[in-house]
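Colleague: Please show me the model, and then let me put some questions about it to you.

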Amino acid sequence: MLLRLASAAALMALAACGAGEPDAGNGGESPTDSDAGTGADEERVYEGLLTVIETPDHGPQLAGAIAQSYPPQGGGLDVTGWDWEAVEHESSQGTSWGDYVVTGTFDGEAFVLTEDPVPASEVDPSEYRDQDEPEVTEPAEPLSKADMEEISKDLTERFPETVFASRQDPELGVVYIDTVLVPVALEDYIAENYPEDTVVLSAMLRPVE
């Protein structure tokens, strides 16, 4: 099924610390979005333009990707405080959706609105969508194919609330991770577990400076 990104990603390279081999899948206790860095995330305000969708299977969510069907299908990060009656939207067969600028915090499990959402029709999309390619630094320790596959699997499973896709660059030996937002726990985990410059994050919501 054809997929499209719900919004253009804001790309950034994450310079991770630690020069050892990735320890994904080591069987030990592992941090998740909800048990590390939550306090810092609740103080960090994120903003971006993307799709919000509610289907018969789940409540309002910030969509990482949307299937181009009618009604569309997809989902992602739960949204706290969403009110469809307060915004313009489309509805069909029990599904409601629309594109909005959303502003809020991350409580470790859901996106918490701190401002009223603004329909995409009322803003200039170019102000929220960064089409530039990231400046990827060639890592001192390029990842092997097996390492890239393990990292992709590890981060997708370890941070399911925010990570929704990954891809690999065998020439540079780096992994690209697509996220709704980049929580502090994800930043810290990558810095502590993967060689420097081997993970590049693409975030749909960016911290408000």
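The questions below go through salt bridges, a helix, a strand and a group of aromatic rings.

Colleague: What kind of model is this, and which pLDDT do side-chain atom pairs need?

Modeller: Residues are numbered from 1 along each chain as its sequence is written, and side-chain values use heavy atoms, with hydrogens and water left out. This is a predicted model, in which totals for chains, interfaces and linings use all residues, local features need pLDDT of at least 70, and side-chain atom pairs count only at pLDDT 80 or more.

Colleague: How many salt bridges does the structure hold?

Modeller: A salt bridge here is a side-chain nitrogen of Lys or Arg within 4 Å of a carboxyl oxygen of Asp or Glu. One of them joins the side chains of Lys145 and Glu149, with 2.4 Å from N to O. The number of salt bridges in the structure is five.

Colleague: Where do Lys145 and Glu149 lie?

Modeller: Helices (H or I, at least four residues) and strands (E, at least two) are DSSP runs, numbered from the N terminus. Lys145 and Glu149 are four residues apart, about one turn of the helix. Both lie in helix H2, residues 145-158.

Colleague: Is Lys145 buried or exposed?

Modeller: Buried means under 20% relative accessible area, exposed means over 50%, and partly exposed lies in between (1.4 Å probe, protein chains only). Glu149 has a relative accessible area of 39%, so Glu149 is partly exposed. Lys145 has a relative accessible area of 56%, so Lys145 is exposed.

Colleague: What is the N to O distance in the salt bridge of Glu157 and Lys153?

Modeller: Glu157 and Lys153 are four residues apart in helix H2, so about one helical turn separates them. Glu157 counts as exposed at 53% relative accessibility, while Lys153 is partly exposed at 46%. Their side chains meet with an N to O distance of 3.3 Å.

Colleague: Is Arg158, which meets Asp154 in a salt bridge, buried or exposed?

Modeller: The side chains of Asp154 and Arg158 meet at 2.8 Å, N to O. The two are four residues apart in helix H2, so they too are separated by about one helical turn. Asp154 has a relative accessible area of 6% and is therefore buried. Arg158 is at 10% relative accessibility, so Arg158 counts as buried.

Colleague: How far apart are the end C-alpha atoms of H2?

Modeller: The expected span of a helix is 1.5 Å times one less than its number of residues. H2 has 14 residues, so it should span 20 Å. The model agrees, with the end C-alpha atoms apart by 20 Å.

Colleague: Which strands and which helix do the buried residues of H2 pack against?

Modeller: The buried residues of H2 include Met148, Ile151 and Leu155. Contact means heavy atoms within 4.5 Å. The buried residues of H2 pack against strands S10 (163-169), S11 (174-179) and S12 (199-203), and helix H3 (184-193).

Colleague: What is the bridge partner of Leu49 in S7?

Modeller: Two strands pair if DSSP finds at least two bridges between them. Strand S3 (residues 46-55) is mostly covered, with eight of its ten residues buried. Nine bridges join S3 to strand S7 (residues 95-106), and the two run antiparallel. In S7, the partner of Leu49 is Val101.

Colleague: Which residue of S4 is the bridge partner of Val52?

Modeller: S3 and S4 form a hairpin with two residues between them. Three bridges join S3 to strand S4 (residues 58-67), and these strands run antiparallel. The partner of Val52 in S4 is Leu62.

Colleague: Which residues does Pro117 touch, leaving out those up to four places away in sequence?

Modeller: Pro117 lies in the loop between strand S8 (111-113) and strand S9 (118-119). At 17% relative accessibility, Pro117 counts as buried. The C-alpha atoms of Pro117 and Trp82 are separated by 8.7 Å, although the residues are 35 apart along the chain. Not counting residues up to four places away in sequence, Pro117 touches Trp82, Val87, Tyr100, Val101 and Val102.

Colleague: How are the rings of Trp82 and Tyr100 arranged?

Modeller: Rings of Phe, Tyr and Trp (its six-membered ring) pair if their centres lie within 6.5 Å; planes under 30 degrees apart count as stacked, over 60 as edge-to-face and the rest as tilted. The structure holds six aromatic pairs. The centres of the Trp82 and Tyr100 rings are 5.0 Å apart and their planes are at 70 degrees, so the pair is edge-to-face.
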